[in-house]
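Dear colleague,

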Amino acid sequence: MAKKNGTITYRCSSCGYSQPKWLGRCPQCGSWNTLEEFIEDSNVHSPFAKTSAGVQKIKPVPLSSVEAKDSERISTGISEFDRVLGGGATKRSAILIGGEPGIGKSTLLLQTSAKCAENLNGKILYVSGEESASQIKNRAIRLCLNVNNIEILCSMRLEDILSALDSINPALVIIDSIQTVYSVEAGLIPGTINQLKYCANELISWVKERDSVLIMTAHITKEGVIAGPKSLEHMVDTVISFERSNNELIFLRSQKNRFGSVDEIGIFTMDEKGLKIAEDPGSIFITQRNGKQPVGVATAAIFEGSRVFLVEIQALTVPAKASLSRVYCEKIDSARISRVAAVLEKRLGLRFSDQDLYINVAGGIKISESAIDAALAAALYSARTDLELPPKTVLSGELSLAGEIRPVTRLKQRVKASQQLGYTTIYTPDIEEGCIAVKSIKELIASLFGK
């Protein structure tokens with residue numbers, strides 16, 4: 001192969017070891033098939049080069065002498081996005097947004113760029129390695145966005161991006177997406193683990209030295225590891241995931257946040273005008289019905305971050321088609337469902353071991369909170385006995401293996417939210433005004449369905 005403005009060498013994508021010839025196994029770390037071809041450019045500083053001169057040594061200082069400062073935040077202009085970030089984007093921070101292709105990452109960031117361009121004094125740099133400038137402008141026109149003070153750079157070379165950052169010094173930097181960015185110092189192929197880590201480290205190092213915010217996007221593929229956020233999440237300050245439900249709701253959820261809570265969730269809908277904040281999120285996961293409640297349906301009050309949501313848990317039991325019963329559910333941990341069914345079988349004598357259990361959460365939201373145990377138990381009992389729950393009933397409580405209904409946190413907020421949405425019968429483990437207190441699964445079932 002002809003050399004192109006440099007020397008061709010082979011570098012290990014795992015440890016960074018390089019040599020002039022290709023080998024099947026790296027001599028340094030022992031990994032197989034990790035040596036990749038790259039061009040060594042003498043005009044670009046290599047992070048692997050060892051230098052002994054001109055390096056300033058950094059010495060430790062007493063922690064007691066360090067001045068503590070509150071992190072300054074900037075608003076993205078989108079309230080649900082700010083909520084997930086913990087009140088806005090923190091300056092000198094790096095944010096990674098992951099999600100499947102086409103879910104709305106670019107749309108959200110373009111809307112964020114337009115909002116920030118109106119409110120911030122500095123410029124916005126939008127770097128795209130997947131779309132042309134005309135495609136981005138057409139999207140902005142379709143979304144009716146003001147693109148003043150937004151600089152667009154359609155390049156995949158890290159050196160071009162760093163040069164633009166130095167010349168513009170933007171207040172907000174958006175990289176869409178990080179797996180398209182490459183540098184000749186990390187190889188020739190974009191998207192490898194070596195490229196992702198090297199390019200992300202250079203961009204994060206730049207933003208950490210200035211009052212800017214860096215937002216990067218990353219695709220999640222079926223193979224998942226290289227293009228997904230897992231290989232970079234230890235380097236950034238915040239990791240946010242996009243999730244889509246069956247009814248076209250889009251959830252923005254924080255998986256890691258050094259400057260805020262990881263319990264908050266943002267809820268959006270998508271239309272021709274882009275992502276919009278879902279209206280009345282507290283009741284978006286319940287179905288308004290007149291008359292009797294269907295069999296196998298129970299309503300629970302859950303907490304996500306600082307908000308209360310009412311969710312509808314649906315259960316169906318059918319005789320097992322094989323000798324071993326199975327649990328089918330994507331939104332609640334199957335181990336939790338099996339545990340609740342085992343408590344019902346042990347404490348009430350209602351057999352579930354010969355049944356296949358199908359559990360669904362209306363709206364498609366994933367739930368991990370233990371406060372849904374009481375509602376899940378009621379839905380399973382209702383599905384197994386074909387007895388419906390009373391209408392306008394909400395349940396909150398954790399179920400122990402002994403059959404006790406245990407208290408849950410923030411009970412008053414759950415009760416208040418349920419009453420505001422018109423629910424008149426509220427079952428709780430503690431005594432609250434306007435509620436029915438139950439201490440065990442036997443008391444709960446007897447009060448709901450009769451002895």
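Tyr 381 and Phe 449 are both buried, where buried means under 20% relative accessible area, exposed over 50% and partly exposed in between, with a 1.4 Å probe and protein chains only. This is a predicted model, in which local features need pLDDT of at least 70 and side-chain atom pairs count only at pLDDT 80 or more, while totals for chains, interfaces and linings use all residues. Residues are numbered from 1 along each chain as its sequence is written, and side-chain values use heavy atoms, with hydrogens and water left out.

The structure holds 4 aromatic pairs; rings of Phe, Tyr and Trp (its six-membered ring) pair if their centres lie within 6.5 Å, and planes under 30 degrees apart count as stacked, over 60 as edge-to-face and the rest as tilted. Tyr 328 and Tyr 358 make a stacked pair, with 4.6 Å from centre to centre and 10 degrees between the planes. This pair links distant parts of the chain, since Tyr 328 is in strand 17 (residues 327-328) and Tyr 358 in strand 18 (residues 355-361), 30 residues apart; strands (E, at least two residues) and helices (H or I, at least four) are DSSP runs, numbered from the N terminus. Tyr 328 is partly exposed, at a relative accessible area of 29%, and Tyr 358 is partly exposed, also at 29%.

The ring centres of Tyr 381 and Phe 449 are 4.9 Å apart and their planes are at 35 degrees, so this pair is tilted. Because Tyr 381 lies in helix 7 (residues 373-385) and Phe 449 in helix 9 (residues 441-449), the pair ties together parts 68 residues apart in sequence.

Best wishes
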